Amino acid sequence: AAALKARASEVAKAEKMLAFAQTQLGEMRKSEGLGAPRADVGDAFGGVRSKSLAGSGPSKKAELPPRDSSLALAEARVGRLRTVCAAADVSSFDDLQRWLREVRGSAAVPGPDVVVRALCQLLGVGHERRSEALRPPFPPMVWESVREEAGVPHELWRELAPLAPCSELLKQLAQGSYIRLRLNNVNRGRERRRLRHFLIDWSPLQELGEQLDGQLAEAGWLDPSVQPFGGWALALVAESMCRFLLLGFELELYQPHEMPMIYWYIDSLCALRCQLHTAVADAATAVFAKPPDKKVANKKKSKPAKPPVVGANGSRQQLALVHALRELCRGLIMLLRYADRAGVGGIAPPPHAEFTPPPRRFERRFHVFGYVRKPAPLTYTHYARVVDQLGGMEMSDLLKGASGCFKAAKAAVDKALHQPVAPLKDGEKAELTALARVAVANAVCVGSLQQAPPSAGAKLTFSWAAHAHFPCVAFK
């Protein structure tokens with residue numbers, strides 16, 4: 001109730017109460033072994049009074065969870081509510097995105113419940129109850145985020161702010177990004193459906209951003225290689241497309257024989273995000289890097305040009321995660337292709353799939369990307385070319401390539417964990433740790449296959465316990 005008032009003092013008070021509640025839950029765990037077992041007092045939980053009040057109508061049996069499970073759920077909710085109360089610490093668009101990802105948590109654990117999502121929307125994203133008293137308004141945060149992602153100097157960016165085309169586009173980008181962030185606070189099925197509409201509605205804004213970049217270049221404000229608005233819009237689209245595909249695993253929408261093409265498309269999007277960051281960094285370095293000091297007589301002692309910092313801490317930290325996702329996707333593609341060629345059960349298309357040929361199935365899975373301006377949608381021809389290349393490789397080379405990808409993924413995760421760009425939050429650590437478990441488990445599986453091929457009648461199994469998007473593969 002205190003947090004619902006959306007005032008910094010009340011939210012701080014709510015955070016203290018939640019911290020006290022979390023401490024009390026820890027004390028309650030010490031009393032788990034006390035009292036009589038539930039089986040001995042089962043009649044007390046039979047719902048006799050409720051049945052008498054319900055009358056002659058059929059009643060649903062109440063399923064009471066075990067006490068340890070109830071305490072674990074309560075602790076998880078209180079912990080996420082404390083994270084929500086950190087909305088007052090948000091000072092930038094990057095902070096807001098990291099805060100939302102922290103509330104959502106790792107893909108290795110269940111997502112937040114409706115209470116947490118509603119409070120998150122109320123305090124950090126929405127405008128309903130003066131949430132802007134807790135965080136800065138959206139337009140200034142988006143404006144600064146575009147500058148950070150492009151590496152444009154502050155002085156030049158302040159001169160662009162009063163221009164009418166920039167201020168007009170800023171309002172539209174702020175509204176579009178607000179809609180995108182709202183999707184973090186709905187359930188997964190609704191988030192995926194609304195992402196479909198978001199990608200379609202965002203395409204005109206992409207075009208406006210690219211046009212504004214061209215106008216600023218023609219007017220002499222920016223170099224043609226520096227495209228802050230178009231690049232920022234493209235990065236948001238690539239991230240949303242990845243999220244759209246990954247949610248399909250959580251919702252169990254994909255068949256095993258479809259997983260290679262899904263991971264292939266995710267790999268392509270991750271490669272685009274890495275290439276975009278590299279291109280933006282190169283352009284910013286070439287245009288905005290500070291030249292060495294000419295007053296220094298000794299050239300050996302003069303400092304080299306200092307490149308500008310491209311991207312906020314959170315986005316650069318996400319880029320390290322993207323590198324790990326790329327390697328995991330590539331390793332799984334090779335491993336699944338090996339299983340298909342080895343004739344292992346569990347990956348063949350079901351009987352009803354013969355009525356939907358692979359090109360048609362590919363089109364239906366990715367048809368929403370055809371409405372996106374950039375990146376250009378990939379076709380089944382591109383995917384078939386990759387399948388043919390993998391089909392021409394030796395089986396031992398497939399295993400060797402998969403092993404190298406999983407080891408590279410583990411190395412990328414270790415680098416992100418031990419050399420972070422910014423201090424990692426608990427959710428980011430949990431996500432990276434889960435990805436490391438998947439990489440190690442699949443590397444062990446590939447190592448066993450290199451020692452001995454799968455036996456006749458072996459079946460491919462997937463375990464999603466470590467991560468909701470990337471399985472641990474086994475041959476049984």
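## A salt bridge at Arg373

R373 counts as partly exposed, at 37% relative accessibility. In this predicted model, its side chain meets that of E210 in a salt bridge, 2.9 Å from N to O. R373 sits in the loop between α13 (358-366) and α14 (380-391), while E210 belongs to helix α9 (residues 188-218), so the pair ties together parts that are 163 residues apart in sequence.

## Other charged pairs

Side chains of opposite charge can pair when their charged atoms come close. The structure holds 15 salt bridges.

A second pair to look at is R361 with E258, whose side chains meet at 2.8 Å, N to O. This pair also links distant parts of the chain: R361 is in helix α13, and E258 is in the loop between α10 (228-250) and α11 (259-288), 103 residues apart. Are these two residues buried or exposed? R361 is buried, and so is E258.

R243 and E250 form a salt bridge too, with their closest N and O atoms 3.8 Å apart. R243 has a relative accessible area of 10%, and because the cut-off for buried is under 20%, R243 counts as buried. E250 is likewise buried, at 18% relative accessibility.

## The cavity

Now for the empty space inside. Rolling a probe the size of a water molecule over the atoms shows where empty space is left. Here the structure holds 1 cavity of 30 Å³ or more, and the largest cavity has a volume of about 40 Å³.

Which residues line the largest cavity? They are L100, V103, R104, P112, R117, C120, N184 and N185. The elements that give two or more residues to this lining are α4 (93-104) and α5 (114-125), and α4 gives the most, with 3 residues.

## Val90, a buried loop residue

Finally, have a look at V90, which is placed in the loop between α3 (67-84) and α4. V90 is buried, with a relative accessible area of 6%.

What does V90 touch, leaving aside residues up to four places away in sequence? Its contacts are D95, L96, W99, L134, R135 and P136. One of these, L134, is 44 residues from V90 in sequence, yet the two are 7.7 Å apart in space, C-alpha to C-alpha.

Terms used
Residues are numbered from 1 along each chain as its sequence is written. This is a predicted model: local features need pLDDT of at least 70, side-chain atom pairs count only at pLDDT 80 or more; totals for chains, interfaces and linings use all residues. Side-chain values use heavy atoms; hydrogens and water are left out. On a 1 Å grid over the protein atoms alone, a cavity is a set of points where a 1.4 Å probe fits but cannot get out, and a pocket is an open set with protein on both sides within 12 Å along at least five of seven lines; lining residues have an atom within 4 Å of a point. Grid points are joined across faces, edges and corners, and a volume is the space filled by probe spheres set on the points. Helices (H or I, at least four residues) and strands (E, at least two) are DSSP runs, numbered from the N terminus. Buried means under 20% relative accessible area, exposed over 50%, partly exposed in between (1.4 Å probe, protein chains only). Contact means heavy atoms within 4.5 Å. A salt bridge is a side-chain nitrogen of Lys or Arg within 4 Å of a carboxyl oxygen of Asp or Glu.
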